[in-house]
Amino acid sequence: YKRVRGNVQAFTLIQIGLSAFVYDRDSNSFLARSYNFYLFPRQCGSHDPRTMFQSSSVTFLQRLDFDFNKVIFEGISFLNLEQEESLRKQKFRRLVQDISEVKKRLQRVITWLSNAEAGSTVDVGPLDNACHEIFKQEVKKKIPDLVDSEIVGGRQTVTCLKAAKTALMTIDVFVSRGDNGENEEDSETGAVDWNELIDEALGFTKVFRHLCKSKKPVVGHNLLHDLMFFFEKFHRPLPGNTSTSLRAIRFSDF
């Protein structure tokens with residue numbers, strides 16, 4: 001067990017074949033539908049897995065014309081429960097940081113408004129898209145007479161929050177969103193939706209969870225080795241204790 005556990009922890013899965021069998025009463029036989037999945041662990045937030053390949057294994061697959069490009073470019077991501085929980089905690093920590101930053105910028109605007117003259121402006125600095133959406137909502141709550149509109153200027157998007165015009169003054173508040181305040185994730189996807197990112201990173205794990213939930217029997221050749229891979233990559237890190245792991249792998253802990 002310890003030897004196989006070491007291999008399972010060191011290597012990753014790059015292909016899984018599954019066949020689903022359905023009993024057909026009319027023909028008194030089973031209908032099989034086979035599926036082939038290419039897998040590749042993807043980076044998501046702070047989750048940046050390392051993948052190791054063994055030279056002899058790569059040579060063997062190469063002789064069988066295995067499509068390594070498909071693994072890299074189209075491989076489905078996956079997470080186990082521990083990795084998913086870590087990402088969801090990261091999402092919460094980021095949300096707390098975003099709210100704290102928005103409060104600082106909002107206080108700057110409120111302080112400025114108390115002494116602002118007609119036609120004057122304030123730049124609250126670069127905000128990433130996630131912070132910017134929170135900022136707009138908070139501004140509307142704290143300063144209800146402001147409305148907003150989008151202005152596109154070159155590569156940089158500027159949000160203009162304009163006060164209702166009165167006989168005395170018009171006040172403009174500019175919030176710039178540029179390269180200085182955005183990380184790569186924000187600039188590519190817009191406002192970061194961590195739920196969507198985590199859902200995408202789960203990938204094949206959702207298939208695994210569906211198999212567990214279905215409670216259908218699983219049949220395979222040398223299946224203990226496969227189940228240990230499934231447990232480690234899609235459920236939880238394999239326990240160090242042999243008796244504990246065998247009880248868990250019997251799906252009692254799934």
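1. Salt bridges first. A salt bridge here is a side-chain nitrogen of Lys or Arg within 4 Å of a carboxyl oxygen of Asp or Glu, and by this rule the count comes to 4. Side chains of opposite charge can pair when their charged atoms come close. Before the details, a word on provenance: this is a predicted model, in which local features need pLDDT of at least 70 and side-chain atom pairs count only at pLDDT 80 or more, while totals for chains, interfaces and linings use all residues. Residues are numbered from 1 along each chain as its sequence is written, and side-chain values use heavy atoms, with hydrogens and water left out.

2. The Glu84 network. Glu84, Arg88 and Arg209 are linked in a network of salt bridges. Arg88 and Glu84 meet at 3.1 Å, N to O; they sit 4 residues apart in helix H4 (residues 81-115), so about one helical turn separates them. Helices (H or I, at least four residues) and strands (E, at least two) are DSSP runs, numbered from the N terminus.

3. Glu84 counts as buried at 10%. Arg88 is partly exposed at 35%, and Arg209 is partly exposed at 29%.

4. Glu85 forms a salt bridge with Arg236, with the closest N and O atoms 3.6 Å apart. Glu85 lies in helix H4 and Arg236 in the loop between helix H9 (223-235) and helix H10 (242-252), so the pair ties together parts that are 151 residues apart in sequence. Glu85 is partly exposed at 37%, and Arg236 is partly exposed at 32%.

5. Thr111, also in H4. Thr111 lies in helix H4 and is partly exposed at 42% relative accessibility. Its side chain reaches the backbone oxygen of Gln107 at 2.9 Å. For reference, a polar contact is a pair of N or O atoms within 3.5 Å; within protein, one must be able to donate a hydrogen and the other to accept it, and residues adjacent in sequence count only if both atoms are side-chain atoms.

6. Strands E1 (residues 15-24) and E2 (residues 29-38) run antiparallel and are joined by 10 bridges; two strands pair if DSSP finds at least two bridges between them. Gln15 stands opposite Tyr38 in E2. The hairpin has 4 residues between the strands, and Asn28 takes a positive phi near 55° there.

7. Other positive phi values. Asp65 has a positive phi of about 60° although it is not a glycine. Asp65 is in the loop between helix H2 (55-63) and helix H3 (68-74) and is exposed at 67%. Asn222, another residue other than glycine, has a positive phi near 55°; Asn222 is in the loop between H8 and H9 and is exposed at 52%.

8. Cores. A nonpolar core is a set of buried Ala, Val, Leu, Ile, Met, Phe, Trp, Tyr and Cys residues joined through side-chain atoms within 4.5 Å. The largest has 16 residues, and those with the most contacts inside it are Val8, Leu13, Ile16, Leu39, Phe204 and Phe234. Helix H1 (2-10), H8 and H9 each supply at least two residues of this core, and H9 gives the most, with 5 residues. Leaving out residues up to four places away in sequence, Leu13 touches Leu39, Phe78, Phe229, Lys233 and Phe234, where contact means heavy atoms within 4.5 Å.

9. Where to be careful. The predictor's confidence in each residue, pLDDT, runs from 0 to 100. Its mean over the protein is 76, and 69% of the residues reach 70 or more. Confidence is highest in E2, at a mean of 94, and lowest in helix H6 (residues 184-189), at 41. Over residues 152-158 pLDDT stays under 50, and the model has 15 contacts for them beyond four places in sequence. Residues 178-191 are also below 50, with 24 contacts in the model beyond near neighbours in sequence.

How values were computed:
Buried means under 20% relative accessible area, exposed over 50%, partly exposed in between (1.4 Å probe, protein chains only).
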